[in-house]
Amino acid sequence: MSLRAIRQLIGLVAACAVVLCVMSSRAPAELEPAQASYQVTRWQLPSTMQPGQRIVGNVSVKVLAPGAETIAQPRFWLVSKSQPQRAFAVPDRQTTPWDWPAKRTAGQVLNVSVTIDVPEDMSPGPAQVLFRVGHGGDESHFAQILDEQGALLGEAARRDVMIDGGAGTDDAAADVSTASDDVPLLVRRIKPPTIDGIVSADEWKDAAVVSEFVENSGSGKPAAQTRARIGYDDANLYVAFECDEPQLPQAARARFQQPRDASVWDNECVELLISPRDDRAGYLHFIIDILNQRYDAIGEDPWGFNPPWQSATKLDNGRWSAELAISFASLGVGPPASGQRWFANLCRERKAVEELSAWRAARGAFASPGTFGSWVFGSLKSYLADTASEFVAPARGWPKELETEAAALGKQFEGWRARLSEAADDMSPEEYRRFSLELAELRRQHAKLQLAAARASGISFAVARGWPYQQFSGEASKLDQPIGPVELTMLRDEWVDLAFNLTNHTDKPIVLRCMTYHGDADEKTAYMRPGIPGLTTLWQQATAVAAGDGRVVHDALVPSQAGTIQLAPAQTTQAWLSLHVPADATASSFAGYFQIKPIDGTAGEPVSAPIRIRVVPIRLTQNPPLHGFTWNFAGEIESNRAWWRAHLEDLAAHGIDTCMISSLNHLPRVQAQPDGSMPDKLDFTRLDRLLDATAGLFRLYWINMDIFEKASIRTDLIGLEFGTPQYERAFKAWLRMVLAHLEKRGIGRERFMINPYDESVDERCRLLARWIKEVDSQIRIVIDSSTPDLAVAREMDAVTDVWVPHYRQFFPAEMQPFHELITRAGKPRWVYWYSEGSAEKGQDPARYYLAKFWWAFDNDVTGIGYWAQQYYGDPWYRKDWAKSYDTALWYPTEGGVLPSRRWQAWRQGWQDYLLLALARQQLRDRNDAAGLATLKDHVRQVVDFPGDPLRAERARKWLKSVLADSPTATRATGVKETAGR
């Protein structure tokens with residue numbers, strides 16, 4: 001037995017002992033003076049839970065005696081009173097913090113939040129949540145716990161709960177809004193209210209009501225309450241806020257006056273965040289402050305989203321109110337159908353006293369879609385009917401021994417649907433909860449029956465093909481979904497990713513091994529022929545990590561040299577097989593097979609399918625017509641050069657051919673004399689480290705000047721008043737020395753671009769650009785900004801060589817004259833976009849990353865950038881960076897970097913762009929007008945339906961058929977070698 005298993009067993013025994021002690025009538029021993037002890041001062045935990053439900057609770061404790069420094073780890077268990085031997089230990093990673101500071105003092109108050117995933121097979125009835133404080137590495141040492149009244153409890157505090165909605169009284173932690181966590185907020189149709197800031201009871205009488213907000217930390221009620229009302233009609237969504245404010249004069253002191261999209265959150269304000277789809281992949285953000293100053297954004301981007309909407313505010317005695325009317329057209333959707341679900345949150349920033357509150361506590365940034373609550377429009381009954389799963393039999397039918405049970409369960413499903421059809425259309429939350437609990441139970445029984453059928457049929461595991469660039473949530477796969485054969489056409493230096501969903505259909509853990517082989521699959525010596533000679537094969541497992549808002553996503557792709565994957569009972573995981581044809585491959589084809597089989601003695605036949613690859617003898621990545629860039633601020637190269645080299649090579653392998661040179665991190669920052677004179681020599685040590693590390697990897701360097709930080713000038717470079725003759729003299733002298741050093745290192749003017757001022761076209765940016773051109777007119781200026789002011793655009797364009805507008809700035813009507821201007825000038829257009837905050841890991845990889853390359857090709861955009869691939873904290877562990885952007889597309893390890901699912905979607909999008917460019921050139925060379933029209937149609941299909949993998953796959957197959965029939969490919973097919981035979 002492994003050490004981990006022994007520790008788990010000890011913990012289980014200890015937990016059971018605590019439960020039995022707690023449930024007995026024996027009084028705990030007296031508190032020893034030197035022993036660590038804590039008093040629970042507050043519990044916040046729902047009193048009812050459902051199997052499979054995720055519960056978030058909070059506990060506050062007061063330190064009575066710190067004891068040993070190591071007795072500092074809060075631990076939780078969930079235990080059924082009817083089955084105390086089944087203690088579910090909450091994983092450490094689901095407590096925040098997972099340990100307390102070593103230095104603790106008597107009287108100190110400590111807090112811990114816990115996320116409990118109630119086991120699916122948790123027995124209905126009374127249960128307890130146990131709380132202990134223990135030693136992180138020793139399951140036998142725990143502190144003594146006292147209750148709120150100071151009574152000694154022993155080594156555990158307890159909270160009674162009811163599993164499956166049993167009787168009980170919710171405590172203060174229960175949700176205080178109209179909708180509870182398990183019941184969506186029902187949004188009804190209302191007559192259009194007058195948007196005047198006056199929340200009239202008559203106008204809003206039919207609206208959904210949020211009667212109270214909670215503190216954004218989730219710790220209780222705010223000092224000043226907020227109420228909200230929501231309604232809709234065929235044209236608009238209507239929202240009203242009523243905000244109590246005992247210090248109204250102070251709250252009304254606005255810090256600025258701006259017409260739109262300024263930092264209105266610095267004032268007293270209310271916020272609406274909506275995801276108008278049945279997911280949380282993105283969101284729209286509307287803010288209105290107490291003086292009716294407004295902000296709107298798609299995610300974190302306010303500039304490309306300025307739809308028309310109405311708002312008004314009203315200040316009254318001790319409170320203020322706001323009303324909003326937003327058309328569904330402005331949200332980019334039609335009016336919601338009855339039963340349609342959105343995700344949303346309603347929030348308030350109070351400024352007279354700094355206080356954050358919300359309908360659903362975000363426990364961090366409001367812009368955390370994982371914490372949004374549910375809205376259902378029109379009818380909860382319709383929503384239930386639309387989302388209820390069907391009672392499906394296996395493809396082979398139910399085994400004979402299960403036919404009676406299956407028939408009975410099928411009748412229960414039919415009965416549930418019949419009762420639902422007879423329920424009132426205006427279903428109450430209580431009725432919804434009852435139907436929902438019944439449906440959850442039927443689903444659990446159905447899943448167990450499916451599992452039993454698989455076992456009875458001798459199926460211990462199942463393998464199904466998945467789509468690699470869609471989020472994987474751990475769903476079970478169908479038993480009869482085909483997995484092969486795998487028939488591919490690939491170019492040289494191309495990667496193809498395959499995804500397989502693996503499901504354990506037993507009640508025990510199993511270990512599977514995924515491998516590729518060549519030769520005869522039936523021979524007993526197949527194990528001696530691993531891999532497919534000449535072809536790179538890489539097995540990986542999609543590993544769960546936490547997004548910034550707490551959601552679990554299977555985003556990290558962890559390689560497995562042995563190909564082994566362990567699955568818990570009934571678990572589904574995803575394995576990736578990535579295939580790569582080397583750039584110098586001479587084979588015209590590859591052949592082999594993959595096999596997935598249990599290796600731990602579990603019964604079950606191996607699952608295998610042939611792999612056949614036809615090679616088009618054209619190198620996909622030869623002279624790519626697309627530039628890729630990211631803000632890769634490699635500032636610690638000297639600490640581990642090999643690691644940074646691996647990271648930079650990974651960038652290059654994903655199409656990043658433009659490396660960022662940050663003036664702050666890599667160029668000398670020196671002070672000028674008062675007359676503008678500069679030192680004779682500069683220290684280029686940091687720049688040389690970067691150039692050494694990036695040698696041979698990148699075609700271009702992008703130099704950021706980093707002179708301004710928003711409106712403020714940085715004083716660490718030159719140190720004189722900007723715009724003066726002395727500053728100009730010093731800047732030009734500094735720049736000449738930088739250029740001379742680049743020339744010395746073999747980097748000529750064709751190898752770099754200079755960005756004078758990040759995301760700006762103001763007069764300072766234009767002045768810097770002119771100075772740079774005066775130093776050397778051959779230097780290329782790159783501007784990562786845009787403007788609807790054509791006079792400014794023309795002045796900036798006179799000194800600009802490459803324009804890089806934000807992605808959102810390609811769409812507003814007011815920006816079209818700008819794009820026409822730079823298109824007529826023949827200037828290259830690149831594009832960039834940036835992270836949407838804590839939601840990045842939850843983004844749809846195909847829609848958010850891959851499809852943008854197809855859009856770029858369709859719009860003659862020749863460079864794509866993302867802010868930022870490796871920025872803002874540890875992507876593995878977000879607790880320390882909860883309020884920062886969660887932007888990273890990779891995961892650092894000791895041996896290098898691991899890709900995310902999103903990063904591989906980026907790679908596939910980059911490859912698709914190159915494939916499109918090659919096919920277009922072939923069709924142009926042939927004067928094939930019909931083929932070019934077909935190509936354009938394929939592009940529009942993918943751009944218009946970015947989440948549809950079948951359209952993208954059909955397009956790739958057609959593009960490769962064009963290249964396979966090209967003269968270039970035909971001339972190169974002299975080599976008829978087939979690898980792997």
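Are Glu245 and Arg348 buried or exposed? Both Glu245 and Arg348 are buried (under 20% relative accessible area, with exposed over 50% and partly exposed in between, for a 1.4 Å probe and protein chains only). Before going further, please note that this is a predicted model, in which local features need pLDDT of at least 70 and side-chain atom pairs count only at pLDDT 80 or more, while totals for chains, interfaces and linings use all residues. Residues are numbered from 1 along each chain as its sequence is written, and side-chain values use heavy atoms, with hydrogens and water left out.

**Salt bridges around Glu245**

- The side chains of Glu245 and Arg348 form a salt bridge at 3.2 Å, N to O, where the term stands for a side-chain nitrogen of Lys or Arg within 4 Å of a carboxyl oxygen of Asp or Glu.
- This pair links distant parts of the chain: Glu245 sits in the loop between β17 (236-244) and α2 (248-251), and Arg348 in strand β23 (residues 341-350), 103 residues apart.
- Helices (H or I, at least four residues) and strands (E, at least two) are DSSP runs, numbered from the N terminus.
- Glu245 also meets Arg350 in a salt bridge, at 2.6 Å from N to O.
- Because Glu245 lies in the loop between β17 and α2 and Arg350 in strand β23, this second pair ties together parts that are 105 residues apart in sequence.
- Glu245 and Arg350 are both buried.
- Through shared partners, salt bridges join Glu245, Glu268, Arg348, Arg350 and Glu355 into one network.

**Another salt bridge, and the total**

- By the same rule, the count comes to 44 salt bridges.
- One of them pairs the side chains of Arg132 and Glu155, at 3.2 Å from N to O.
- Here too distant parts of the chain are linked, with Arg132 in strand β8 (residues 125-135) and Glu155 in the loop between β11 (152-154) and β12 (157-163), 23 residues apart.
- Arg132 counts as buried because its relative accessibility is 2%, whereas Glu155, at 29%, counts as partly exposed.

**Helices α4 and α5**

- The axes of helix α4 (residues 403-422) and helix α5 (residues 429-456) come within 11 Å and cross at roughly 160°.
- Those axes are lines fitted to C-alpha atoms, for helices over the stretch in contact, and angles run from 0 to 180 degrees between N-to-C directions.
- α4 and α5 are therefore roughly antiparallel to each other, given that angles under 35 degrees count as roughly parallel, over 145 as roughly antiparallel, 65 to 115 as roughly perpendicular and the rest as oblique.
- Residues of α4 in the contact (heavy atoms within 4.5 Å) include Leu409, Phe413 and Trp416, and those of α5 include Phe435, Leu439 and Leu442.
- By class, the contact of α4 with α5 has nine nonpolar residues (Ala, Val, Leu, Ile, Met, Phe, Trp, Tyr, Cys and Pro), four charged (Asp, Glu, Lys and Arg) and three polar (the others, Gly among them).

**Backbone details to look at**

- A cis peptide bond, with omega about 0°, joins Trp867 and Ala868.
- Ala868 lies in the loop between β45 (863-867) and β46 (890-893).
- Ala570 is not a glycine, yet has a positive phi of about 65°; Ala570 is in the loop between β32 (564-567) and β33 (572-581).
- With 45% relative accessibility, Ala570 counts as partly exposed.
- Glu759, also not a glycine, has a positive phi of about 55° and is found in the loop between β41 (752-755) and α10 (763-775).
- At 33% relative accessibility, Glu759 counts as partly exposed.
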